[in-house]
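Open the model in your viewer and keep the selection panel at hand. This tour goes stop by stop: what to select, then what is there.

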Amino acid sequence: MSVTLDETEAAALAHPIAPFLRMDRMPHIWCPTCGIGTVMKCYAQALGDSGINLDKAAIVSGIGCTGRVAGYMNLDAFHTTHGRAIPFATGLKLGRPELLVTVFSGDGDLSGIGGNHLIHAARRNMDLLVILVNNFIYGMTGGQNAPTTPLTARSSTMPYGNFEPPFNLPHLAESCGASYVARWTCLHTRRLTKSFTEAIGRKGFRFIEVIAPCSTLYARLNRLGTGFDLMRFYHDSAEIRHGGDTRDVGIAFQDKIICGKFVDEERPAFLELMYNHYSKVLGDKYVPMPAEGGWLHE
Ligand SMILES: Cc1ncc(C[n+]2csc(CCOP(=O)(O)OP(=O)(O)O)c2C)c(N)n1
Ligand code: SF4
Ligand SMILES: [Mg+2]
C-alpha cells in the first residue's frame with residue numbers, strides 16, 4: 001500500500017504533539033537518529049502533562065543543533081546568540097515573572113561559551129528550567145571538542161583523543177547552587193518526561209542534563225555505530241541512582257552513565273529572595289513586578 005504525501009502530512013498534524021510544535025517549520029534539520037528531537041518531544045509531552053497555559057511558557061535557546069529547538073516549539077520562543085540563552089532568559093523572567101522560562105540548548109552553548117552564565121544562574125538559584133542536551137561535542141560546527149568530551153574520545157579538533165578533563169555537569173550545577181539537578185539519556189523517555197514535568201512545577205534553578213547521540217559526528221569519529229547502536233549502549237550502560245552523590249557521576253568514555261534525580265531541595269529562589277529583601281528594606285516604597293510585566297504594559 002502506498003502512502004501519499006497528503007496522508008503523511010495529515011498523520012503528522014494529527015499527532016498529539018503537533019499542537020506544541022510549529023508544524024509549518026517541519027521537516028526539522030536534524031540528522032536521522034540524532035537524539036535532540038526525542039528530547040524535544042519529551043519536553044512537549046511534559047508541557048501537556050503539566051497543564052500549563054502555553055501562553056505562559058517561553059523557551060530560549062542559544063546556537064547549535066540543540067539551539068534549533070526554540071524555533072520548532074509553538075511557544076513564545078527566542079533563538080539567541082551563542083552562549084547567551086541564560087542571560088536572555090534571566091532578563092525575560094525578571095520582566096515577566098509569571099512565565100515558565102525554559103532554556104533549551106547544547107553542551108557547548110551552555111557549558112562552553114556560556115559556562116559563566118550557567119554557574120552564576122545556578123549560584124543565584126535563578127528561576128529557570130535549563131535543559132542541556134549533551135552529545136559530547138559541538139555538533140553543528142563539525143564535531144569540535146567540547147567541555148563535555150570524555151577523556152580519550154575523538155573529536156575533530158582532538159583526532160588523537162581528548163586529553164582535557166571534561167565537566168561533570170550535575171556536580172557543577174549542584175556545587176554552584178542549583179536546587180534541582182537530574183540526568184537522563186534520551187532512551188529514558190518516560191523518566192525524562194516525568195522529570196521535565198516535575199521541574200516545570202518547581203521554582204529556582206532546575207538543571208536537567210540529557211545525554212543524546214550525535215550520530216553523525218561523535219559516533220562516526222569514535223566508530224560507535226549508528227544512533228540505534230548508541231541507544232543500545234545507553235540501555236546497557238545507564239544506571240539509575242536517585243539521590244546519588246554528584247561527585248561520582250562524571251562520564252568516562254563508553255563507560256556507565258549514572259542517571260536519576262540527584263538534587264531536589266526547597267531553597268529560596270532568586271525572585272523570592274529579591275522580593276523579601278526589597279520588601280524588608282524599602283517597605284511600601286517597593287513595587288514588585290506585576291504579572292504580565294511592568295511599566296511596559298501600562
Ligand atoms: C560567538 C560564536 N562563536 C562560535 C559560533 C559557532 N558555533 C555555532 S554552534 C557552536 C557549537 C554548538 O555546540 P553545542 O552547544 O554542543 O550544540 P550542538 O550542535 O552539539 O547541539 C559553535 C561553536 C557562533 N555561532 N557564535
Ligand atoms: S550533527 Fe549531530 S547533533 Fe547535529 S543534528 Fe546531526 S546528529 Fe544531531
Ligand atoms: Mg553538543
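Two strands pair if DSSP finds at least two bridges between them. Helices (H or I, at least four residues) and strands (E, at least two) are DSSP runs, numbered from the N terminus. This is a predicted model: local features need pLDDT of at least 70, side-chain atom pairs count only at pLDDT 80 or more, and totals for chains, interfaces and linings use all residues. Residues are numbered from 1 along each chain as its sequence is written, while chains are lettered from A and ligands numbered from 1 in the order in which they are written.

**Stop 1: the sheet**

Select the strands. They form an open sheet of eight, in the order β2-β1-β3-β4-β6-β5-β8-β7, with mixed pairing. β2 (76–79) and β7 (238–240) are the edge strands, and each pairs on one side only. From one strand to the next, the twist averages 20 degrees. Axes are lines fitted to C-alpha atoms, for helices over the stretch in contact, and angles run from 0 to 180 degrees between N-to-C directions.

Now pick β1 (residues 57–61) with β3. They run parallel, joined by four bridges. Click I59: its bridge partner in β3 is T102.

Contact here means that the C-beta atoms of two residues, placed from the backbone, lie within 7 Å.

**Stop 2: strand β5**

Select β5 alone. Are its residues buried or exposed? Six of its six residues are buried. A residue is buried if 20 or more other C-beta atoms lie within 10 Å of its own, exposed if 12 or fewer, and partly exposed in between; C-beta atoms are placed from the backbone. Y180, A182 and W184 point one way from β5, whereas V181, R183 and T185 point the other way.

Six bridges join it to β5, and the two run parallel. Y180 has R206 as its bridge partner in β6.

**Stop 3: helix α7**

Move to α7 (residues 169–176). Its buried residues are L169, P170, L172, A173 and E174. These pack against α5, α6, β4, β5, β6 and β8. Next comes G177, with a positive phi near 130 degrees.

**Stop 4: the core**

Which residues touch the most other members of the largest nonpolar core? Select V39, Y43, L128, I131 and V210; the core has 82 residues. A nonpolar core is a set of buried Ala, Val, Leu, Ile, Met, Phe, Trp, Tyr and Cys residues joined through C-beta atoms within 7 Å. Helix α2 (residues 36–50) gives the most to this core, eight residues.

Centre on I131. Not counting residues up to four places away in sequence, I131 touches V39, Y43, T102, V103, F104, I208 and V210.

**Stop 5: the two ligands**

Select ligand 1. Its shell has 18 residues, with G64, G106, G108, D109 and G139 the closest. A residue is near a molecule if its C-beta atom, placed from the backbone, lies within 6 Å of it. β3 (100–106) and α5 (107–113) are the elements that give two or more residues to this shell. The largest share, three residues, comes from α5. By type, the shell holds seven nonpolar, nine polar and two charged residues. Ala, Val, Leu, Ile, Met, Phe, Trp, Tyr, Cys and Pro count as nonpolar, Asp, Glu, Lys and Arg as charged, and the others, Gly among them, as polar.

Go to ligand 2. The residues around it include W30, C31, C34, C65 and C214. Its shell divides into eight nonpolar, four polar and no charged residues.

**Stop 6: backbone details in loops**

Zoom in on M26 and P27. A cis peptide bond joins them, with omega about 5 degrees. P27 sits in the loop between α1 (5–14) and α2.

Next, N125, in the loop between α6 (115–123) and β4 (128–134). Its phi is positive, near 50 degrees, in a residue other than glycine. N125 counts as buried because it has 24 C-beta neighbours inside 10 Å.

R223 also has a positive phi, near 50 degrees. Find it in the loop between α9 (218–221) and α10 (227–237). R223 has 7 C-beta neighbours inside 10 Å, so it counts as exposed.

Finish at H242, in the loop between β7 and β8. H242 counts as exposed because it has 10 C-beta neighbours inside 10 Å. Leaving aside neighbours within four places in sequence, H242 is in contact with G260 and K261.
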